[in-house]
Amino acid sequence: MPTARAARSGSWPARLALLPLALTAVVAYLGSILWSLRVSFSASRTFPSDSWVGAAQYLRLFANERWLLSLQNLAVYGVLFVLACLLLGFLLALLIDRQVAGEGVLRAVFLYPYAMSFIASGAVWAWMLNPIQGVEAVGHALGWEAFRFDWIVDPDRVIYAIVIAAVWQAAGLVMALLLAGLRSVDADLWRAARIDGIPTWRIYVSIVIPQLGYSFATAAILLLTAVIKLYDAVVAMTQGGPGTASEVPAKFIMDHLYGRANIALASAASVMLLLTAIALVSPFLYARSRAAARGA
Amino acid sequence: MNRSPLAARVGMAAFLAVAAAFFLLPLYVMLVTSLKPLDELRAGALFAWPLAPTLAPWRTAWSEACTGVACEGVRAGFMNSLAIAVPSTLLAVGLGALNGYALALWRVRGANWLFGLLMVGAFVPGQVMLYPLVRALGTLGLVGSLPGIVLVHVVFSMPLMTLLFRNWYASLPTELFNAARIDGAGFWGVWTRVLLPMSAPMLGVAAIMQVTGVWNDYLLGLVFAGHDFAPMTVQLNNLINTSTGTRQYNVDMAATLLTSLVPLVVYFGSGRWFVRGITAGALKG
Amino acid sequence: MAAVSLQQLRVNLGGREVIPGLSLDIAEGEFLVLLGPSGCGKSTLLHAVAGLTDIAAGRILIGGDDVTAADPATRNIGMVFQSYALYPSMSVEKNLSFGLRVRRLPRAEIARRVHDAAALLQLTDLLQRRPAALSGGQRQRVAIGRALVRDARVYLFDEPLSNLDASLRATLRRELKLLHRRLGATMIYVTHDQIEAMTLATRIAVMKDGVLQQVGTPDEVYSRPANLFVAGFLGAPPMNFLAGMLATGDNGPRFVAAGLDLALDRAAVSRDALVAGRAVLLGVRPEHVRLDERGALMARISLAEPTGAHQVISLEWRGGVLQALDTTQPPLSEGSEVRCTLDIARASLFDAASGTRL
């Protein structure tokens, strides 16, 4: 049956009620994005100026070693973080779904890190991963003298250390989303497949997992959004170090906005970050709307 | 569901146990480290139970540790975070409920456009909007003030809060809305007298999401709260990254636990509601 | 209470024309049932009357007032919904009085009306309960009561009984009929259930694809359906249709089909329409297929479906299958050969091309 919505006469209070939202969306979101865009084409340093330098800031940006390193770090981090979270989260969801006992406890255990701040989890992982008193030292104390686990101070591996902490924090989110997806699979499908004598693993592969498309896409969207915003955990764990080995774009922007007072370059970087976000997230948003249309 | 073969079940249980240990390990390490005196923080004793458990690190973290210039512990940060989180949550949840109601049940021209823009806002990295907002709030004299940081939190949480309530109100039977309209209730009457009293579950979920989100924020607090209202996360980061003197990891860990206390209590106290908030906000776009 | 007049009403939903221009006058005190299959636009029409759906063109008058652009709140209507739509956070009493409280009626007046409605609907003992603590039938009574306390000019019912089980539905149907008789109020009732339509209506309006097919008393609509759709939609088991041709015989017009040649002199059709050579469909209701030993039509019972009071039999003959009612005791058995006649006086003739009644 067609559902009726409002009649004309009622929409004035509704418009009034939506005014704060409209202001937020137009002024705060759209306005500040446009502002950043404009500034990125200027020669602004500490304060915004009206100058116009075309794409000069973007050329400088992509000649900047630190920015390029940030991008490279973000790419490595993003791929590893998203894949590891999806894989671990999926395994956990699957096993919890199969496991009869202890579901509530297990779910709480896997998800609690997501309730903590990145600063807090960064702090504890920095402590655990520091080679002098942390896990490496435990290995040595147990008599494994050759044990090396000093990624957090190794410029070539520090980004992996951040991945570990971030996966610990976010895998539970994927678990929760996929578990909800698994649970929404029609129980009659399970019964029908069992009566047809189909093995459990085959039910998962052929029937259940294809229905999780929407949940996977949702998880990917949330994880990628988090990748782009990666900042707090780096600050807490390494402050971008050792040296500049764990610099990331969001931190590059913050440093140039504040420490280095180069807001034009920072704005150019933030525009690039925005474009990256759109490029990464939109395919998944599209895939998800397709999955929703299919009813998956 | 099928019962799996014994070997498979043992394997699954073992994997889950190992995974649970991995997830619990940091919590355990935080706890034992925070209870150890400084001289027990020697190499190789990361996982060891404290020989002489002490609450001194907690006291230091709470009221003596140096967080930047001042050495008054994270106590001030706790009060600041509280002062920020309470109004931010009330305002954001209230506005989100109102927005969601208006968007889900009333036809307003341009509403789809508005909602689309809002969802873009959800994916935009905060850094893109940060400086323009600093300038704007600076003009209003709100940077470094409590109203300023609360306003920024409300602005940044608008997409999630609106989405939560839009989905919630859209899931209610339309006939209820129609019945109230025929009974003569207008835009505000339908919301305050019929729908809001039914919204307790979603109000709870949204409040949980918002409290944890605001409490765990670092970036906005760093930029907008200024020195006087620096939230706990900012103080914690100052504490653990202070370069002066020897690192007192036991104090660091006590401060970390103190900072995580509110969200963890909310999380463990609210049980499934937290999960519901995550899935409700994420699963329907 | 008041008369309702719909004039050239057009409704679009999501860019689709659901009702392409519909006019209907409902007299004061009438119980009009909008009947049709799901998706025919009957609920949309009701929502338009209520003001819950915007209309693209046309006018709606209630008691002579043009309410086309009026807010639902100001139309002074009462409405009962399929899902009851009771406010879950309010007690039965608060549910009943909500509309009155919104309109700021005096307290004593509210109490009196709630008391009266509760007494009328046997809800007095349930006033302090929440909707969640009520049974389906009780909930529906509260929904009806909520409409009644408003003392509205028109009462609208949107498939109010379809969520109830069969026996409860029959009980509430009777109660609704008595209620209408007692109040004499104007009621517009949407349903896809022909029994509800037949039992409740003073007039039935049959709809299909947003267009009124026929408006008339239950007897008119059942006995003299205006077209093939109405003929087929009302009646269970449905009307039998026989394709054939009109011809002229010695004693007047005849209906000729494969293996069948019937005189139409008793048919309730004007002679002018009975043009020889015209392709027609003869519609005969199952109860008008008479088992008759001297009947011209020979058939075999291919299927018998007992319903308790009687049985529905499928009669296989040269020209196809006819459904008939068998009320004999003991009932006839499957496979037996019977003869029967068709009651031409109560049959309907439809033009084969247009489907309209001759």
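1. Read along its sequence, chain A of this predicted model follows the pattern α-α-α-α-α-α-α-α-α-α-α-α-α-α, which amounts to 14 helices and 0 strands. Along its principal axes, the C-alpha trace of chain A spans about 80 × 75 × 30 Å. Of the 296 residues in chain A, 48% count as buried. When the contacts in chain A with a separation of 6 or more are considered, residues 24 or more positions apart account for 70% of them.

2. Chain B reads along its sequence as α-α-α-α-α-α-α-α-α-α-α-α-α, and its secondary structure comes to 13 helices and 0 strands. Taken along the principal axes, the C-alpha atoms of chain B fill a box of roughly 75 × 65 × 30 Å. Chain B has 285 residues, of which 53% count as buried, and residues 24 or more positions apart account for 75% of its contacts with a separation of 6 or more.

3. The domain assignment divides chain B into domain 1, covering 6-54, and domain 2, covering 75-283. The centres of domain 1 of chain B and domain 2 of chain B, taken over C-alpha atoms, are separated by 33 Å. The contact between them takes 7 residues from domain 1 of chain B and 7 residues from domain 2 of chain B, and the side of domain 1 that touches domain 2 has, by class, 4 nonpolar, 2 polar and 1 charged residues.

4. Where chains A and B meet, 78 residues of chain B are in contact with 84 residues of chain A. The element that gives the most to the side of chain B that touches chain A is helix α1 (residues 6-34) of chain B, with 12 residues. By class, that side of chain B has 54 nonpolar, 22 polar and 2 charged residues.

5. The axes of helix α2 (residues 19-40) of chain A and helix α5 (residues 126-139) of chain B come within 8 Å and cross at roughly 90°, which makes α2(A) roughly perpendicular to α5(B). On the α2(A) side the residues are Ala28(A), Tyr29(A), Gly31(A), Ser32(A), Ile33(A), Trp35(A) and Ser36(A), and they meet Val128(B), Met129(B), Pro132(B) and Leu133(B) in α5(B). The residues of this contact of α2(A) with α5(B) divide into 8 nonpolar, 3 polar and no charged.

6. In chain C, 5 strands form an open sheet in the order β15-β19-β16-β17-β18, and the pairing is antiparallel. The edge strands of this sheet are β15 (289-291) and β18 (320-326) of chain C, each of which pairs on one side only, and the twist averages 45° from one strand to the next. Within the sheet, strand β16 (residues 297-306) of chain C and strand β19 (residues 337-342) of chain C pair in the antiparallel sense over 4 bridges. A reader who wishes to look at individual residues may note that Met298(C) stands opposite Arg339(C) in β19(C).

7. Is strand β14 (residues 279-284) of chain C largely enclosed or exposed? Because 5 of its 6 residues are buried, β14(C) is largely enclosed by the rest of the structure. Strand β11 (residues 240-249) of chain C pairs with β14(C) in the antiparallel sense over 6 bridges, and β14(C) also pairs with strand β20 (residues 348-351) of chain C, again in the antiparallel sense, over 4 bridges.

Notes: Residues are numbered from 1 along each chain as its sequence is written. Chains are lettered from A and ligands numbered from 1 in the order in which they are written. This is a predicted model: local features need pLDDT of at least 70, side-chain atom pairs count only at pLDDT 80 or more; totals for chains, interfaces and linings use all residues. Two residues are in contact if their C-beta atoms, placed from the backbone, lie within 7 Å. Helices (H or I, at least four residues) and strands (E, at least two) are DSSP runs, numbered from the N terminus. Ala, Val, Leu, Ile, Met, Phe, Trp, Tyr, Cys and Pro count as nonpolar, Asp, Glu, Lys and Arg as charged, and the others, Gly among them, as polar. Two strands pair if DSSP finds at least two bridges between them. Axes are lines fitted to C-alpha atoms, for helices over the stretch in contact, and angles run from 0 to 180 degrees between N-to-C directions. Domain bounds come from an automatic or database domain assignment. A residue is buried if 20 or more other C-beta atoms lie within 10 Å of its own, exposed if 12 or fewer, and partly exposed in between; C-beta atoms are placed from the backbone. Angles under 35 degrees count as roughly parallel, over 145 as roughly antiparallel, 65 to 115 as roughly perpendicular and the rest as oblique.
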